[in-house]
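Here is a short tour for someone meeting this structure for the first time. Look at the sequence and the fold, then read on.

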Amino acid sequence: MHITAVGISHKTAPIDIREKFYLDETRRRLLLSELKNNPAVVETIVLSTCNRTEIYAHTIVPDAREILFQALFKVKSLPFSPEQTRYFYVHKDSAAVCHLLRVASGLESVVLGENQILGQVKTAVDCARKEGMLGKTFNILAAAAIRTGKKARHETAVGAGGVSVSWAAVNAAERMAGTLKGRSVLIIGAGKMANLAANQLANKAIEELYIMNRSQDNAEGLAEKFGGISVSFWDMKEILSRVDVCICSSAAPHYLVEKDVVQKIMADRPRKPLVCVDISIPRNIDPAVGQVAGVSLITVDDLGDIVTETVQRRCGAVSQVDGIIHQKTEEFYYKIARNRAVKASGAFKAANSEVSHGD
């Protein structure tokens, strides 16, 4: 059995490189299908979030990095370049298993111990299962990762306080704006991250909350839940001119907030600054927006530094989580060995039975 993991994350690459390799649901399925057609690949799990894209593969060859890189670049319609692969890390066998368990536990996240990553791992596992890329070995591995993530959060303080990227985004906006009390906020997006951001804002005594989303029904649902106002993309310029903070958590493949629009808005409100927080991958706020006078732009890569001291109390839990990961890694290999022994025993009995019947 050979396991190879290749990945790119906030620890190894800036956001402008990472977003090139982000995989939406369609491309995750395409990548799984591509690898399914490779005779050297037995099982695969593909994980892609705002901070990482990772491929875990069970293969019949000792080192599958070349196979995984070629498939990823193909699905992303990018010319294969060894120069680009320098941003990736490669883990083999027990190191790959350990890395997945660290990811599921929140030890590899921008915000230490953030809770959303465990759900994202579960989604990646479900996707692999639906595409027929989850066999016995990776079923055991997936269960180990999910149990490790749960155990780390239940038995240590690594996830204390329910901190998430959305929580960090709201706190970053609050720091930059001085206060959110009495301020107006626009959230672009209506998914889970947007929902979490709106929930955080509910405790900040903001004046007005606007929700903008591609699906008007989803925008209205989120707005109703948090006492906000659903607005259309057609009203982007008008709404941006009203708000003090814009938090973007969308899944659009292009910029939704453009520099020229923001420039015109800020020219009419020179004494009213605007804080923009983009936690989308790929980015949905044009990076050039940060160059406009009076605008502060925060991306997901800035969040770790902004809230570092807030999660310091979690750092003491890291050694405890490492202990859990070590234990679960050993359990994983024990279960694999036990399954092999049972299978070998069954094959031996079957062979003996055939010989006996032949006599």
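The model is a predicted one.

## Helix H2

Helix H2 spans residues 25–36 and has 12 residues. From its first C-alpha to its last it reaches 16 Å. That is close to the 16 Å expected at 1.5 Å a residue.

Four residues of H2 are buried: Arg-28, Leu-31, Leu-32 and Leu-35. Seen down the axis, these buried residues fall within an arc of 100°, so they line one face of the helix. They pack against strand S2 (41–48), strand S3 (52–59), helix H3 (65–75) and H6.

## Val-75, a buried residue in H3

Val-75 sits in helix H3. Is Val-75 buried or exposed? Its relative accessible area is 11%. Buried means under 20%, so Val-75 counts as buried.

Which residues touch Val-75, leaving aside its neighbours within four places in sequence? Val-75 is in contact with Leu-23, Arg-27, Leu-30, Leu-31 and Glu-34. One of these, Leu-31, is also among the buried residues of H2. Leu-23 lies 52 residues from Val-75 in sequence. In space, the two are 8.9 Å apart, C-alpha to C-alpha.

## Helix H10

Helix H10 covers residues 216–226. Ala-219, Leu-222, Ala-223 and Phe-226 are buried in H10. They cover an arc of only 100° around the axis, which puts them on the same side of H10. The cover over these buried residues includes helix H9 (192–201), strand S6 (208–212) and strand S7 (229–231).

The face turned away from the buried side carries exposed residues. These are Asp-217, Glu-224 and Lys-225. After H10 comes Gly-227. The phi of Gly-227 is positive, near 70°.

## The largest pocket

How much space lies in the largest pocket? About 940 Å³. The pocket is lined by 34 residues. Closest to its centre are Tyr-22, Lys-192, Met-193, Ser-250 and Ala-251. H2, S2, H6 and H9 are the elements that give two or more residues to the lining. H6 gives the most, with five residues.

By type, the pocket lining divides into 16 nonpolar, 13 polar and five charged residues.

## Two cavities

A search of the whole structure finds two cavities of 30 Å³ or more. The largest cavity holds about 80 Å³ of space. Its lining consists of Thr-49, Cys-50, Asn-51, Arg-52, Ser-109, Glu-114, Gln-116, Ile-117, Gln-120, Val-165 and Met-193. Helix H6 (residues 116–130) supplies the largest share of that lining, three residues. By type, the lining has four nonpolar, five polar and two charged residues.

The second largest cavity has a volume of about 40 Å³. Ile-8, Arg-18, Tyr-22, Thr-49, Cys-50, Asn-51, Arg-52, Thr-53 and Ile-281 line this cavity. Its lining divides into four nonpolar, three polar and two charged residues.

## Where the parts meet

Some names return from one section to the next. H6 packs against the buried residues of H2, and H6 also gives five residues to the lining of the largest pocket. H9 is part of what covers the buried residues of H10, and H9 also gives two or more residues to the pocket lining.

Key:
Residues numbered from 1 in each chain as written. Predicted model: local features only at pLDDT ≥ 70, side-chain atom pairs only at ≥ 80, totals over all residues. Heavy atoms only, no water. Buried < 20%, exposed > 50% of the residue type's maximum accessible area, 1.4 Å probe, protein only. Arc of directions from axis to C-beta. Contact = heavy atoms within 4.5 Å. 1 Å grid on protein atoms, 1.4 Å probe; cavity = no way out; pocket = protein on both sides within 12 Å on 5 of 7 lines; lining within 4 Å. Points joined across faces, edges and corners; volume = space filled by probe spheres on them. Nonpolar A, V, L, I, M, F, W, Y, C, P; charged D, E, K, R; others polar. Expected span 1.5 Å × (residues − 1).
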